[in-house]
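Keep the structure open beside you as you read.

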Amino acid sequence: MTKFAINVDNVSFSWCKNSSILESCSLAVPQGEFWMLLGANGSGKSTLLQLLTNLLVPKSGTIKMNPPVGLVFQNPDRQLIMPTVGADIAFGLVSENLSLSETRLRISEALLAVNLLGLEKKPIYALSGGQKQRIAIAGEIARRCSILLLDEPTALLDHEAQLELVKGVRNLVKARKITALWVTHRLEELDYCDGAFLLEKGKVIQQGHPQTIKKQILYTEL
Ligand SMILES: Nc1ncnc2c1ncn2[C@@H]1O[C@H](COP(=O)(O)OP(=O)(O)OP(=O)(O)O)[C@@H](O)[C@H]1O
Ligand SMILES: [Mg+2]
């Protein structure tokens, strides 16, 4: 039987009294799979991710996920706050009260996972956009997150860095049995995921095979 790592059941949410942003929204992501969430500007994708990370509370409905849950933003400059790579990843581990050697081990494991081993001392300002996104992901891997939520992580990247990131996340999901939900507008990224949801006005209107979702979006745009 399929086990779901992310379970959203009939969730409704509104920012203000008279306008509903999410309306009986339901979706479930199978454990160990890489799913994408698409939808027009303003359809509620980022709001849904904020609900999944407990930054917002639903008006009704239930959300079930096993913490710790990692979130990666569109702009890594809003996520990476320490001067160097190692310090930034370590900062995310402060609440765990680890010893220095345990912290170092977690950092190197996480950097290995995103293929950036050896960059511990590198200043954040000296990284490329793609490297910054991989460091943001490494921070969540170091925290042992089994669920990764990514809100348009490639929006600021060029084509080459975009493909490197999407392939890298796919490899991480498969190698570490992580579950990932990736928000995007870029249809070519659908070639790398296991399944996709299409959100319209706060409701999932289609879900399933990525190529079917791709065709539906292209057809609607005609
Ligand atoms: N902090 C906020 N306060 C009030 N309204 C908000 C807030 N954030 C988002 N909204 C509104 O909620 C709706 C959904 O926004 P959301 O950011 O979730 O959409 P989105 O699908 O992520 O869009 P995009 O593709 O542009 O990122 C929009 O109408 C937006 O104006
Ligand atoms: Mg958004």
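In β4, residue M65 is the bridge partner of I6. The strands β1 and β4 pair in the antiparallel sense over 5 bridges; here two strands pair if DSSP finds at least two bridges between them, and helices (H or I, at least four residues) and strands (E, at least two) are DSSP runs, numbered from the N terminus. Before going on, please note that this is a predicted model, in which local features need pLDDT of at least 70 and side-chain atom pairs count only at pLDDT 80 or more, while totals for chains, interfaces and linings use all residues. Residues are numbered from 1 along each chain as its sequence is written, and chains are lettered from A and ligands numbered from 1 in the order in which they are written.

On to the other partner of this pairing pattern. Strand β1 (residues 4-13) also pairs with β2 in the antiparallel sense, over 6 bridges, and F13 stands opposite L22 in β2. Together the 3 strands form an open sheet in the order β2-β1-β4, with antiparallel pairing. Its edge strands are β2 (22-30) and β4 (60-65), each of which pairs on one side only. From one strand to the next, the twist averages 10 degrees; for angles such as this, axes are lines fitted to C-alpha atoms, for helices over the stretch in contact, and angles run from 0 to 180 degrees between N-to-C directions.

Now look at the helix on this sheet. Helix α1 lies across β1, β2 and β4, and runs at about 115 degrees to β1; two residues are in contact if their C-beta atoms, placed from the backbone, lie within 7 Å. Which helix gives the most to the shell around ligand 1? It is α1 (residues 45-52), with 3 residues. The residues around ligand 1 are W15, I21, G39, N41, G42, S43, G44, K45, S46 and T47, where a residue is near a molecule if its C-beta atom, placed from the backbone, lies within 6 Å of it. By class, this shell divides into 2 nonpolar, 7 polar and 1 charged. For these classes, Ala, Val, Leu, Ile, Met, Phe, Trp, Tyr, Cys and Pro count as nonpolar, Asp, Glu, Lys and Arg as charged, and the others, Gly among them, as polar.

Next comes the other sheet. It is an open sheet of 6 strands in the order β5-β6-β7-β3-β8-β9, with mixed pairing. Strands β5 (69-72) and β9 (203-208) stand at the edges with a single partner strand each, so one side of each is left without a neighbour in the sheet. Neighbouring strands of this sheet are turned by 20 degrees against each other on average, direction ignored. The mixed pairing can be followed strand by strand. Strand β6 (residues 147-151) and strand β7 (residues 179-183) pair in the parallel sense over 5 bridges, and L149 has L181 in β7 as its bridge partner. Strand β8 (residues 195-200), by contrast, pairs with β9 in the antiparallel sense over 5 bridges, and L199 stands opposite V204 in β9. A hairpin is formed by β8 and β9 with 2 residues between them, and K201 in the turn has a positive phi of about 45 degrees.

Helix α4 links this sheet to the helices described next. It lies across β5 and β6, running at about 165 degrees to β5. The axes of α4 (residues 129-142) and helix α5 (residues 159-176) come within 9 Å and cross at roughly 20 degrees. That makes α4 roughly parallel to α5 (angles under 35 degrees count as roughly parallel, over 145 as roughly antiparallel, 65 to 115 as roughly perpendicular and the rest as oblique). The contact is made by G129, G130, Q133 and R134 of α4 and A161, E164, L165 and G168 of α5. By class, it has 2 nonpolar, 4 polar and 2 charged residues.

Finally, turn to helix α3 (residues 100-113), whose axis comes within 8 Å of that of α4 and crosses it at roughly 130 degrees. That makes α3 oblique to α4. Here R106, I107, A110, L111 and A113 of α3 meet A138, I141 and A142 of α4. The residues of this contact divide into 7 nonpolar, no polar and 1 charged.
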